[in-house]
Amino acid sequence: MKNPTPSDSAVKPQSLEKLQLIQNFTSSLTGERGTTAPSRQVSNAMWSEVAPTPPRQPRLIAWVPEMAELLGMDIATNPEAAARIFTGAQPVDGALPYAMRYGGHQFGNWAGQLGDGRAIALGEITDRHNKLWTLQLKGAGPTPYSRQGDGYAVLRSSVREYLCSEAIYHLGIPTTRSLTLSLTGEGIDRDIFYNGNIETEQGAILCRAAESFIRFGSFQIHAAHREDDLLKQLADYVITQHYPHLCNDGSKPTIDTYQQWFNEVLERTANLVAHWQRTGFVHAVMNTDNMSILGQTIDYGPYGWLEEYDLRWTPNFVDNQGRRYSYGNQPQIALWNLYQLANAILPLFDDNTEPLQEVLSRFDPLYDSLWNDMRAAKIGLTDYTDADQDNQLLDDLWQFLEKASPDYTLFFRTLSEATFSETPETLASNLIVAFYEKPHQELLATLTHWLGLWQQRITATDQSAAQSLMTATNPKYVLRNYIAIQAIDAAEQGDFSVLEEVSSVMRKPYEDQPAFQKYAGLRPDWATQRPGCTMLTCSS
Ligand code: AMP
Ligand code: MG
């Protein structure tokens with residue numbers, strides 16, 4: 001599924017001073033007006049009006065021209081106005097700032113009301129293709145959902161989300177997007193490793209954009225409070241706004257419509273996770289409040305990219321014990337989360353579980369088929385048909401990965417660049433660069449044997465098509481934490497050039513960019529012990 005790209009049409013972008021937002025979400029759904037920030041339990045509402053806290057010294061430090069173009073905004077000529085508008089320092093025409101109410105399961109336990117604790121949406125804007133995008137300020141101050149949090153975000157975590165949502169988009173994976181990144185000029189206290197060491201970090205606000213920020217947890221909160229009418233209102237809104245093809249004759253959704261909708265949510269979620277697995281992305285906090293109802297990647301926290309292939313790997317220090325959200329668990333956690341969504345929307349089915357069970361039972365075969373297709377693409381099988389022999393070839397390689405733990409990205413990229421006419425021994429020795437520790441003789445022999453079989457299989461097909469498929473499937477550049485931290489370190493010193501450079505490299509992850517070879521290599525030694533590279537927390 002490819003996200004839309006901006007049209008080439010040379011329509012002049014609108015001056016930011018004339019920016020006009022509309023209210024589709026708040027005018028269609030029940031919410032509460034005129035509220036103030038103090039944290040509290042909210043009932044019978046999907047959103048609460050709340051004003052951003054205007055920062056004293058907003059300063060724009062990065063923005064995504066492609067998104068500005070898509071949304072018809074002229075940021076280039078007025079960065080000062082952009083800084084004010086996209087931090088909440090200057091009100092926008094038509095805006096009705098609000099925080100969304102939702103609940104969720106965190107690490108497998110029901111956590112009750114969560115909601116936008118430090119994200120404030122302004123409203124929607126129509127893009128060049130007539131599609132609506134919600135603009136949301138992350139880190140714009142306390143809301144009724146802030147609980148013990150302060151409602152702010154630090155530069156470190158904002159840079160991480162800014163860079164990663166764009167990197168994910170350019171990898172061809174559904175995601176929310178970034179528009180602007182600004183400093184607030186405020187100092188924010190954070191205890192990064194939850195060990196009492198408090199540091200004052202720079203405050204920042206990411207303005208992010210998405211067709212919707214509605215999550216599985218948005219449904220769960222209404223189910224938990226038996227707010228059946230709101231549950232139905234929300235489901236009908238999501239279907240008519242975001243799944244219009246399911247009721248294109250304008251009719252009201254029926255139980256059949258709800259089943260088809262749940263089926264599509266499941267399909268999109270399975271597709272999303274298959275892409276994460278393909279590229280080695282570990283979200284690391286797959287709580288149900290971080291699962292988009294559109295099947296997009298949302299809420300970038302202590303994510304990471306697989307380095308040594310290891311199914312049990314997670315970058316999230318807090319999850320070190322249980323490893324619930326490790327790389328290898330992501331598909332089954334997605335299904336677990338879909339079960340929680342199914343429980344929440346059960347009232348729409350008159351409490352009959354059968355239609356939901358039927359859909360849920362499709363997940364495993366669907367996921368397996370998507371995953372096998374992606375694995376086949378990773379090794380260039382342009383004519384893959386799920387035949388036993390090919391599946392054996394795939395399983396053998398993935399067994400090897402488990403035993404030998406090469407760098408996931410570098411291994412597949414090096415394989416993609418292989419010259420098929422070389423001997424299997426030469427191919428194997430070329431792949432040594434992808435290992436942190438040189439594989440011993442027995443593993444090398446296994447690899448060489450596998451490469452021989454693979455070579456025979458590929459030479460029977462169109463080799464240049466095989467190579468094109470592999471280079472389009474196996475990225476050369478992914479936003480490894482050792483790369484993100486270099487952008488953060490420089491940005492914290494007021495140098496935004498690394499941020500610019502990294503974001504530019506990550507826009508073309510499948511293309512060779514010889515000048516940026518430094519971002520395509522193994523994790524360097526210095527990063528092994530560096531907090532923020534191997535160990536991250538949700539502190540943001
Ligand atoms: P996350 O794990 O970042 O998706 O956040 C989980 C929940 O904690 C959400 O309800 C967030 O809005 C909330 N939260 C995270 N950080 C803060 C903060 N600094 N202030 C208020 N709420 C926060
Ligand atoms: Mg979240």
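User: Tyr482 first: buried or exposed?
Analyst: Tyr482 is buried, at 3% relative accessibility. Buried means under 20% relative accessible area, exposed over 50% and partly exposed in between, with a 1.4 Å probe and protein chains only. Bear in mind that this is a predicted model, where local features need pLDDT of at least 70 and side-chain atom pairs count only at pLDDT 80 or more, while totals for chains, interfaces and linings use all residues. Residues are numbered from 1 along each chain as its sequence is written, chains are lettered from A and ligands numbered from 1 in the order in which they are written, and side-chain values use heavy atoms, with hydrogens and water left out.

User: Which helix is Tyr482 in?
Analyst: Helix H16, residues 481-492. Helices (H or I, at least four residues) and strands (E, at least two) are DSSP runs, numbered from the N terminus.

User: OK, on to ligand 1. How many residues surround it?
Analyst: 16, and the closest are Gly115, Gly117, Arg147, Gly151 and Asn290. To be near, a residue needs a heavy atom within 4 Å of the molecule.

User: Which domains give residues to that shell?
Analyst: Domain 1 (14-214) and domain 2 (217-371) both do, so ligand 1 lies between them. The domain bounds come from an automatic or database domain assignment.

User: What does Gly115 do there, at the atom level?
Analyst: One of its backbone N or O atoms is 2.6 Å from an oxygen atom of ligand 1. Gly151 has a backbone N or O atom 2.8 Å from a nitrogen atom of the ligand, and a polar side-chain atom of Asp299 sits 3.4 Å from a ligand oxygen atom.

User: What coordinates the magnesium ion?
Analyst: Asn290 (OD1) and Asp299 (OD) coordinate this ion, ligand 2, at 2.0 to 2.1 Å. Donors are N, O and S atoms within 2.8 Å of the metal (3.2 Å for Na, K and Ca), and water is not among the atoms, so sites may look incomplete.

User: Are those two buried or exposed?
Analyst: Asn290 is buried at 10% relative accessible area, and Asp299 is buried too, at 13%.

User: Switching topic: what's the phi of Asn130?
Analyst: Near 70°, a positive value in a residue other than glycine. Asn130 is in the loop between strand E8 (119-126) and strand E9 (132-138), and is exposed at 67% relative accessible area.

User: And Ala284? What's its phi?
Analyst: Near 80°, again positive in a non-glycine residue. Ala284 is buried, at 0% relative accessibility.

Definitions and conventions
A polar contact is a pair of N or O atoms within 3.5 Å; within protein, one must be able to donate a hydrogen and the other to accept it, and residues adjacent in sequence count only if both atoms are side-chain atoms.
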